[in-house]
Amino acid sequence: MNLPFYSAADVRSAVSMSEAIEAMKTAFVALSDGSAIVPNRINLPIEEQNALHLSMPAYIKGGKYNTIKLVNIHFDNPGKGLPLINGVILVMDALEGSPLALIEGKSVTALRTGAGSGLATDLLANPNAKQAVIIGAGAQAGTQIEAIRCVRNLESVKVLGRSEEKTAAFCEGFDSVVQPGNKLDLKTADIVCTATTGETPLFDLDDVKPGVHINAVGAHKPTTRELGTTMIQNGKLYIDQLSSSQSEAGDVMIPISEGNYDWNRIKGELGDLVMGKIDGRTSPDDITIFNSIGNAVQDLVIASMVIEKNEK
């Protein structure tokens with residue numbers, strides 16, 4: 001068997017960010033209307049390497065393809081100058097069962113995660129949003145910036161990273177709108193994206209202004225979070241999928257375990273918002289939050305586009 005392999009460059013040449021954001025509507029609606037079949041991902045700890053492996057299958061009823069993404073996350077890698085995330089997606093023919101292709105997984109993960117935030121921002125952020133803060137300076141942060149700039153005409157994007165040198169180098173990859181910032185920039189931000197591997201809250205309610213929209217995409221373990229309890233309590237919270245959030249979304253699970261929040265207070269899934277089944281922002285002063293742990297159906301819709309565009 002000699003399967004074609006589509007590289008990161010192939011992924012980005014096949015799917016633009018604006019196309020990926022549009023595709024996220026299909027993904028999140030499928031999650032919410034029950035047409036997506038997405039078992040909770042297998043989380044395999046590799047503790048002696050400070051790492052974990054994730055296996056994530058997905059299928060949308062009636063679709064041409066099913067996929068499984070295999071990912072290793074090695075938390076010590078950035079300190080060694082190595083990628084935090086490595087992975088591959090296997091695409092199979094859902095009609096006849098044959099393997100069709102392998103796709104580089106890290107690029108798909110970054111693209112679809114950014115696109116998910118882009119969709120949430122388009123639906124929830126104030127229309128006149130002009131200033132953004134990105135916490136994190138890795139591959140995920142890059143697509144967060146790209147995605148939110150697709151849906152809002154931003155005048156300023158400030159980046160907060162752990163290393164001043166790395167943050168400055170990261171910002172050099174963009175135009176002059178994107179600059180290194182500091183925590184005080186949160187006070188004027190209309191949009192905040194968190195894309196980190198931190199385990200404790202990065203900021204809380206007092207650090208941001210009324211009306212901010214937040215995309216929290218970095219934490220994906222029940223014991224880690226990027227947002228503080230009072231932020232979760234006071235924001236209008238939207239998630240990608242309830243069942244997976246109940247087992248992996250530390251941003252929500254930790255306040256609930258403390259007795260400070262309840263699952264019934266969540267406004268709903270992003271797919272229900274796309275379908276108009278729930279309300280989004282109803283006031284310019286609403287604090288809206290999209291808490292995403294990521295879902296394999298997002299990988300499926302991007303991988304399907306890569307396959308079909310490369311077959312033409």
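Strand S9 (residues 156-160) is mostly covered, with 4 of its 5 residues buried. The model described here is predicted. S9 belongs to an open sheet of 8 strands with parallel pairing.

**The open sheet**

- The strands of the sheet follow the order S10-S9-S8-S11-S12-S15-S13-S14.
- Its edge strands are S10 (178-180) and S14 (268-269), each of which pairs on one side only.
- S9 is joined to strand S8 (residues 131-135) in the parallel sense by 5 bridges, and Gln131 stands opposite Ser156 of S9.
- Strand S13 (residues 236-239) pairs with S14, also in the parallel sense, over 2 bridges; here Ile239 has Glu269 of S14 as its bridge partner.
- Helix H3 (residues 105-124) packs on the sheet and touches strand S11 (191-194), strand S12 (213-216), S13 and strand S15 (288-291). The direction of H3 makes about 160° with that of S12.
- As a general principle, strands of a sheet pair through backbone hydrogen bonds, in either the parallel or the antiparallel sense.

**Strand S7 and its partners**

- Strand S7 (residues 99-104) runs parallel to strand S1 (residues 5-6), and 2 bridges join them. Phe5 has Leu102 in S7 as its bridge partner.
- With strand S6 (residues 85-93), S7 pairs in the antiparallel sense over 5 bridges. Pro99 in S7 is the bridge partner of Met92.
- S6 and S7 form a hairpin with 5 residues between them. In the turn, Gly97 has a positive phi of about 95°.

- Helix H2 (residues 17-33) has 17 residues, which at 1.5 Å a residue should span 24 Å; the C-alpha atoms at its ends are 24 Å apart, so the two values agree.
- Just after H2, Gly34 takes a positive phi of about 90°.
- The axes of H2 and helix H4 (residues 139-151) come within 10 Å and cross at roughly 80°. Angles of 65 to 115 degrees count as roughly perpendicular, and H2 and H4 are therefore roughly perpendicular to each other.
- Their contact is made by Met17, Ser18 and Ile21 of H2 with Thr143, Glu146, Ala147, Cys150 and Val151 of H4.

**Nonpolar cores**

- The largest nonpolar core has 49 residues, of which Val15, Ile103, Val297, Ile302 and Val306 touch the most other members.
- A second, separate core has 23 residues, among them Leu237, Val252, Tyr261 and Ile293.
- Leaving aside residues up to four places away in sequence, Val297 touches Ala27, Leu31, Ala36, Val38, Ala58 and Ile60.
- In soluble globular proteins generally, nonpolar side chains tend to be buried together.

**A loop residue: Leu202**

- Leu202 is placed in the loop between S11 and S12.
- Its relative accessible area is 24%. Buried means under 20% and exposed over 50%, so Leu202 is partly exposed.
- Leu202 and Leu227 are 25 residues apart along the chain, yet their C-alpha atoms are separated by 6.1 Å.
- Apart from residues up to four places away in sequence, Leu202 touches Ile135, Lys183, Thr194, Thr196 and Glu226.

Definitions and conventions: Residues are numbered from 1 along each chain as its sequence is written. This is a predicted model: local features need pLDDT of at least 70, side-chain atom pairs count only at pLDDT 80 or more; totals for chains, interfaces and linings use all residues. Side-chain values use heavy atoms; hydrogens and water are left out. A nonpolar core is a set of buried Ala, Val, Leu, Ile, Met, Phe, Trp, Tyr and Cys residues joined through side-chain atoms within 4.5 Å. Buried means under 20% relative accessible area, exposed over 50%, partly exposed in between (1.4 Å probe, protein chains only). Contact means heavy atoms within 4.5 Å. Two strands pair if DSSP finds at least two bridges between them. Axes are lines fitted to C-alpha atoms, for helices over the stretch in contact, and angles run from 0 to 180 degrees between N-to-C directions. The expected span of a helix is 1.5 Å times one less than its number of residues. Angles under 35 degrees count as roughly parallel, over 145 as roughly antiparallel, 65 to 115 as roughly perpendicular and the rest as oblique.
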